Amino acid sequence: MTTHDPSLQPSPHLRPNDLSATLRLLATTDLHANLLPYDYYADKGDQPYGLARTATLIRAARAEAANVMLFDNGDALQGAPLSDITAQADSGWSGAHPMITAMNHLGYDAAGLGNHEFNFGLDWLMRSLAAARFLITCGNVHSGPDVPGPPLLSPYLLLARQITDRQGGCHPLTVGVLGLVPTQITVWDTHHLAGQLTAHDMVQTARRLVPQMRREAADLVIVLAHTGIDAGPHLPGMENAALPLAAVPGVDAIIAGHSHQVFPEVGNLRQAAVDPEAGTPSGIPAVMAGFRGSHLGVLDLGLVRRGGKWRVQSHRAEARPVVPVRNQAPVPADPTLGAALKTAHDATLALIARRVGHSAAPLHTYLAMAPCSTVVRVVTRTQRAALSRAVAGTAHEGLPILSASAPFQDRRTWRAVAFHRHSRRPAQPSPCRRSLRFSQHALRAAPQRCRTARLAGAGSGLLSPDHSRRH
Ligand SMILES: [Zn+2]
């Protein structure tokens, strides 16, 4: 167990031949393709989030310390229109994924995967990652349906660095980095992954790989754990397993995520074996940096080298917000990142401005949970029209089509409602591009897939996507 030393001063227990140094780990997580502080659904800039703002914190945190490494903990590539241009075949975009461009620009050392990295299929994922100039690890996912298939990516990384001690001396340090993702990926994205991937329990994987990393060269082991901090003992396939992961022998620090929470934070995630002020689940330093760039995780590890071995003696964990004072101005966005992403930003604006249809009547989601929502009807009729076209000329042509949809409702939908209500007139065929844009993304905030099943009679099974909780 390390001590929580807010000053990170050298320990009074240091022996004459001991070396001491501080290693600063910076971490982002669950960025969900929020890069520029721009809300594409509302066509509005100056939003209080996005990696461009976090980048300003990254530069400041780098300037404060001698030994700094920067990591991302997954769910980076999916979740905002800026990423949709890379996944929609008809978007016309052929460049690198904007998030990878941004991470290259900021000089990330390494990244792990999140569950949403699998949302658009393996081909898209591998194509997106190919442009990365940093290393990516995923320890618990293997290719193929059988165990043990080859690993999808590097199961772990051994990053050789030079560390400067408190006296200014330079020493080699090998930082082991293990990436882990919830096994639920094979359920949530079964239509992409069935038969192609096997995901193994995160904690069991760490128990197997951490000793191996130590044997090979790792002076320290950092886990890029795309998982939150749930109470209770480890259960097989546990989705939020940062607590039992921190208890795996040989783990020095946890970079957590997935649950979009902030850790450490006073009063947050207080439970047995978790100290939210010190930032320690199971006594091990940890940090979780919110989501969409709301925070930067800063984890300072006070290291001591004794007898040729480095160990973590003290730590300081912090989640720095991009809005330092509540309801006050956020930190400014990094202008260099804006310049690096201008082409992607312009392409995204063009994509979401495309006209997709016209409604002679205002659409809204008032009482959408009750029958006869006009919005749900638009979705179900669109699905039916798309399927009719898809089966035309096949053996299925002419089959009766049932089309179902859930009344999805989020803050963006309400924004669309407000627009129509305040317009005080029905949407016009032209030039009401703005209302169409609002409606299109209000119906579904992210690109959706239409799934179909052929029913052969009573008792037939209906294949449908899983709708388990995910972040
Ligand atoms: Zn996640």
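# Close-up views of a predicted model

**Figure 1. Overview of the chain.** Of the 471 residues of the protein chain, 42% count as buried (20 or more other C-beta atoms within 10 Å of a residue's own; exposed means 12 or fewer, partly exposed in between, with C-beta atoms placed from the backbone). This is a predicted model: local features need pLDDT of at least 70, side-chain atom pairs count only at pLDDT 80 or more, and totals for chains, interfaces and linings use all residues. Residues are numbered from 1 along each chain as its sequence is written. The protein chain holds 13 helices and 17 strands (DSSP runs numbered from the N terminus: helices are H or I of at least four residues, strands are E of at least two). Among contacts in the protein chain with a separation of 6 or more, 72% join residues 24 or more positions apart (a contact means C-beta atoms, placed from the backbone, within 7 Å).

**Figure 2. The seven-stranded sheet.** This open sheet has the strand order S1-S17-S16-S2-S3-S4-S5, with mixed pairing (two strands pair if DSSP finds at least two bridges between them). Strand S1 (3-4) and strand S5 (135-137) stand at the edges; each has a single partner strand, so one side of each is left without a neighbour in the sheet. S16 (residues 295-306) and S17 (residues 309-321) are antiparallel and share 12 bridges. Gly302 sits opposite Ser314 in S17.

**Figure 3. The six-stranded sheet and helix H7.** A mixed, open sheet runs in the order S7-S8-S10-S11-S15-S12. S7 and S12 (262-263) are its edge strands, each pairing on one side only. Helix H7 (residues 202-216) packs on the sheet and touches S7, S8 and S10. The direction of H7 makes about 160° with that of S8 (axes are lines fitted to C-alpha atoms, for helices over the stretch in contact; angles run from 0 to 180 degrees between N-to-C directions).

**Figure 4. The S7-S8 hairpin.** S7 (residues 156-164) and S8 (residues 170-180) pair in the antiparallel sense, with nine bridges. Thr164 has Cys170 in S8 as its bridge partner. Five residues lie between the strands of this hairpin, and Gly168 takes a positive phi near 95°.

**Figure 5. Parallel pairings around S10.** S8 and S10 run parallel, joined by six bridges. Leu178 has Val223 in S10 as its bridge partner. S10 also pairs with S11 in the parallel sense, over three bridges. Here Val223 is bridged to Ile254 in S11. S11 (residues 253-256) and S15 (residues 286-289) run parallel too, with three bridges. The bridge partner of Ile254 in S15 is Ala286.

Figure 6. Six of the six residues of S10 are buried. Leu220, Ile222 and Leu224 cover one side; Val221, Val223 and Ala225 are buried on the other. The largest nonpolar core has 102 residues (a set of buried Ala, Val, Leu, Ile, Met, Phe, Trp, Tyr and Cys residues joined through C-beta atoms within 7 Å). Val223, Leu245 and Ile254 have the most contacts inside this core. Leaving aside neighbours within four places in sequence, Val223 contacts Leu178, Leu180, Ala206, Leu245, Val251, Ile254 and Ile255. In soluble globular proteins, nonpolar side chains tend to be buried together.

**Figure 7. Asn240 in its loop.** Asn240 lies in the loop between strand S10 (220-225) and helix H8 (242-246). Asn240 is buried because 22 other C-beta atoms lie within 10 Å. Not counting residues up to four places away in sequence, Asn240 touches Thr227, Gly228, Ile229, Asp230, His258 and Ser259. Ala225 is 15 residues from Asn240 in sequence and 9.3 Å away in space, C-alpha to C-alpha.

**Figure 8. Helix H3 and the glycine after it.** H3 (residues 98-106) is mostly covered, with seven of its nine residues buried. Those buried residues are Pro98, Met99, Ile100, Thr101, Ala102, Met103 and Leu106. Gly107 follows H3 and has a positive phi, near 70°.

Definitions and conventions
Two residues are in contact if their C-beta atoms, placed from the backbone, lie within 7 Å.
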